[in-house]
Amino acid sequence: MARSRRWTLEIIWSQPEAKSPDYIEQLDSFFETAPSILQLYRIHLSFGQQKMQGFLDACIARQTANSLNLKEQERLLEGLLVAHHYLTDHEQIPDLCFSLQMASNDGKGVIIRGDALMSGQKRLWYFIAALLIELEQVPEYKFEKQQLTILSGSGTMTLPKPEFSLVGNGFMIKNWSLEQLNAFFEATDFTERWYKHPQDERELYLVRRERLAGNRARVNETGQDGNQKLLPPGVILSLINSGKSLKPAVWSSLEHYANNGQLTARLCRALAPVIENQAVIVPDTVKNTVTAMLAELDTEEAILIQPTPVINELTFKAAMDALNRFEVLEETELEMLQPYRDQMTLNQLDSVIHKMGHSVDLETQLDWHITYEDKSEVRLDSMN
């Protein structure tokens, strides 16, 4: 909490004195756009004073204005690329919103319109929301020195940060060609109902199934995951909980976890309704593993609850030895350590908290922090 307060004050105090009181009153607007102080601080470190002021003003406008102007939209996009964060605005994007794409007259840019009727300013904001959510689901992306680098199943591609202008009821990406836009669609497995007229109602599922099969084939050729980075379970849980449609990169990661016995009970429960809705593209390994895990959990819950057994000292020692070996703790490691949480010392709990991966969901983080705080209070009481 002390560090969070320090970062918040640093961000506010770095701005012109006349703006500071307004920014203090509008703190909620900033966290509506970039939910964590760490994300906001990353943007602050990447931007200078003037750029950060533009970002903060755009956050306020997003909460108070009916629409964002071009400059505000570009500033929000840049900040959210730095923070690796997406907005839920993509949920309102209508079908075929970006269905008309054409090269600009000089061939250096690409104009985007669509079947859905709306202003160019609104269409651009939807595209920014779509771009952020699609990037969230690729194995990895980086945004450095105004360059966007995307690692996907088909390889690595680098694009300049998009620069926009409005064109009637559409918009132009001034520094992407039509070929680069198509390459971006391919690399991110961009949601096809937003930009492509289906030739067949089954096409969406067939294309995704073929791409998923292609990703599997590339993995099987080397017998390992190669350069493809697995999405952490915490990120996948976040995508599931937000109601997003899971893409091939996510299913490939889930298939890896299923093959290696790393699908947790929590992940299986979250996946059950998703599998029912996306049955056509779910890998058989994931489907079978989730079904088996849920059946096992149902059986365990049906058994009369017995008193919790005393934790064996040897198993506790083995768990603590494992804790010392782990450099980063993700969902799987935390589930292994969870039964021993109440028996841990303050130093051991502190080690867990410091090693916890950034992708671990907030609820799990909070549980461990509460245990640490409770044990700290007990220790202080005993000293008094």
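I began with strand pairing: two strands pair if DSSP finds at least two bridges between them. Strands (E, at least two residues) and helices (H or I, at least four) are DSSP runs, numbered from the N terminus.

**Ground rules.** I noted that this is a predicted model, where local features need pLDDT of at least 70 and side-chain atom pairs count only at pLDDT 80 or more, while totals for chains, interfaces and linings use all residues. Residues are numbered from 1 along each chain as its sequence is written, and side-chain values use heavy atoms, with hydrogens and water left out.

**The sheet.** Strand E2 covers residues 110-113, and four bridges join E1 to E2, with the two running antiparallel. I then traced the whole open sheet. Its four strands come in the order E1-E2-E7-E6, with antiparallel pairing. Strand E1 (100-103) and strand E6 (164-167) are the edges, each pairing on one side only. From one strand to the next, the twist averages 25°.

**Helices across the sheet.** Axes here are lines fitted to C-alpha atoms, for helices over the stretch in contact, and angles run from 0 to 180 degrees between N-to-C directions. Contact means heavy atoms within 4.5 Å. I found H7 lying across E2, E6 and strand E7 (170-173), at about 55° to E7. Helix H8 (residues 178-188) lies across E1, E2 and E7, at about 140° to E1.

Which residues of H8 are buried? I listed Leu181, Phe184, Phe185, Ala187 and Thr188. Buried means under 20% relative accessible area, exposed over 50%, and partly exposed in between (1.4 Å probe, protein chains only). The buried residues of H8 pack against E1, E2, H7, strand E4 (147-152), strand E5 (155-160) and E7. Just after H8, I noted a positive phi of about 50° at Asp189.

**Cores.** A nonpolar core is a set of buried Ala, Val, Leu, Ile, Met, Phe, Trp, Tyr and Cys residues joined through side-chain atoms within 4.5 Å. The largest one has 62 residues, and those with the most contacts inside it are Phe55, Leu81, Phe98, Phe127, Ile173, Phe184 and Phe190. Helix H7 (residues 120-136) gives the largest share of this core, ten residues. Apart from it I found another core, of 21 residues, including Leu263 and Val286.

I also checked Ile173. Leaving aside neighbours within four places in sequence, its contacts include Val110, Ile112, Phe127 and Leu181.

**Cysteines.** How many disulfides does the structure hold? I counted zero, a disulfide being a pair of cysteine sulfur atoms within 2.5 Å. Cys59 is buried at 0% relative accessibility. Cys97 is buried too, with a relative accessible area of 0%.

**Aromatic rings.** Rings of Phe, Tyr and Trp (its six-membered ring) pair if their centres lie within 6.5 Å; planes under 30 degrees apart count as stacked, over 60 as edge-to-face and the rest as tilted. The structure holds 14 aromatic pairs. I picked out Phe98 and Phe190, an edge-to-face pair at 6.3 Å centre to centre, with 65° between the planes. Phe98 sits in the loop between helix H6 (70-83) and E1, and Phe190 in the loop between H8 and helix H9 (203-222), so the pair ties together parts 92 residues apart in sequence. Both are buried.

Phe190 and Tyr195 have ring centres 5.7 Å apart and planes at 75°, so that pair is edge-to-face.
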